[in-house]
Amino acid sequence: MSTSPSRRPALLVGVSVALLTGCGSSSASGSDGGVSGAPAAASRVAVVASTDVYGDIVSRIGGNKVSVTSVISDPSQDPHSYEASTQNQLALSKAKVVVENGGGYDDFVDRMLRSGGNTSAEVINAVKVSGRTAPKGGELNEHVWYDFPTVARLADRIAAALGKADPANAATFTRNADAFKAGLKPLEAKEAQIRKEHGGAAIAITEPVPLYMTGASGLVDRTPAEFSEAVEEGDDVSPKVLRETLALFTGKQVKALVYNAQTSGPQTEKSEQAARAAGIPVVPVTETLPSGKDYLAWMTGNVDALANALAK
């Protein structure tokens, strides 16, 4: 779902040094076609990703041929309320390739590209790659990195963009993208297995973050839309809607609560407490990479946790 202006990452130039530590920079040397030793930074393709989710995917595909800056890389940071910095502006001004989520999630990227005068960077918008649109009368769920077919298409787009920026290594980028996509297949198989064993099971959520994953797994979200939308927008939940939500747990109407661990407040905490009190499993998910995890390991953990919760 689209986020309101109060919840979207905001552009703030000249923020404190403390905020700058939230901007991560990484260069992966994992899958690079067997080339040993990292090339000089100046010869690498400069890439900026709005979050470390996309930064990690770029790193898997680009190997040591890319220099990746992930703007949001702190697992304790709520991406919706992120305040971009002058360091982000500098990185974006030099980027050859930019990977953003789109869909209103990280609008600061486009604003900073414009203000920095970088019109030559190839910008990859994950929501546009997904082809996802808002349902009739509803809002777009912009959390497309939980949609594995979209991530596979995104990998191809990233490989193509890197190959355009560095034609000599285009074949390597394509091979690495193919290897990455092969790693997505077991995730889709796990979703299919959940669908086979638990298709139609009811769940609750605090925000729509995991809905592409849960939907592909055949699960039905029973959360009142007013509850998850209010939580995502940072708004208060009405007492009536909160009672309806808590009744899902006290009445054991759902098999699991899938909980966004990166945002919390009184309403979400009451939901988690009610679920645990009723013996309903709680599955925490996040919007950025947990410390020490890459994308595939992270999503494997998410799908496994969902399957385990439903099996209880």
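View 1. A pocket here is an open set of points on a 1 Å grid over the protein atoms alone, with protein on both sides within 12 Å along at least five of seven lines, and lining residues have an atom within 4 Å of a point. Its lining comprises 18 residues, among which Pro135, Glu139, Asn141, Leu211 and Tyr212 lie nearest the centre. Helix 8 (211-216) and helix 9 (225-233) each give two or more residues to this lining, and helix 8 gives the most, with four.

**View 2. The second largest pocket holds about 180 Å³ of space.** Of the 11 residues that line this pocket, Ala46, Ser67, Thr69, Ala91 and Lys94 lie nearest its centre. Strand 3, strand 4 (66-72) and helix 3 (86-94) each contribute two or more lining residues, the largest share, four residues, coming from helix 3.

**View 3. Ser50 lies in strand 3 (residues 45-51).** Helices (H or I, at least four residues) and strands (E, at least two) are DSSP runs, numbered from the N terminus. Ser50 counts as buried because its relative accessibility is 1%, buried meaning under 20% relative accessible area with a 1.4 Å probe and protein chains only. The side chains of Ser50 and Asp106 are joined by a polar contact of 2.6 Å, that is, a pair of N or O atoms within 3.5 Å, of which one must be able to donate a hydrogen and the other to accept it.

**Notes.** Residues are numbered from 1 along each chain as its sequence is written, and side-chain values use heavy atoms, with hydrogens and water left out. Because the model is predicted, local features need pLDDT of at least 70 and side-chain atom pairs count only at pLDDT 80 or more, whereas totals for chains, interfaces and linings use all residues.

Technical notes. Buried means under 20% relative accessible area, exposed over 50%, partly exposed in between (1.4 Å probe, protein chains only). On a 1 Å grid over the protein atoms alone, a cavity is a set of points where a 1.4 Å probe fits but cannot get out, and a pocket is an open set with protein on both sides within 12 Å along at least five of seven lines; lining residues have an atom within 4 Å of a point. Grid points are joined across faces, edges and corners, and a volume is the space filled by probe spheres set on the points.
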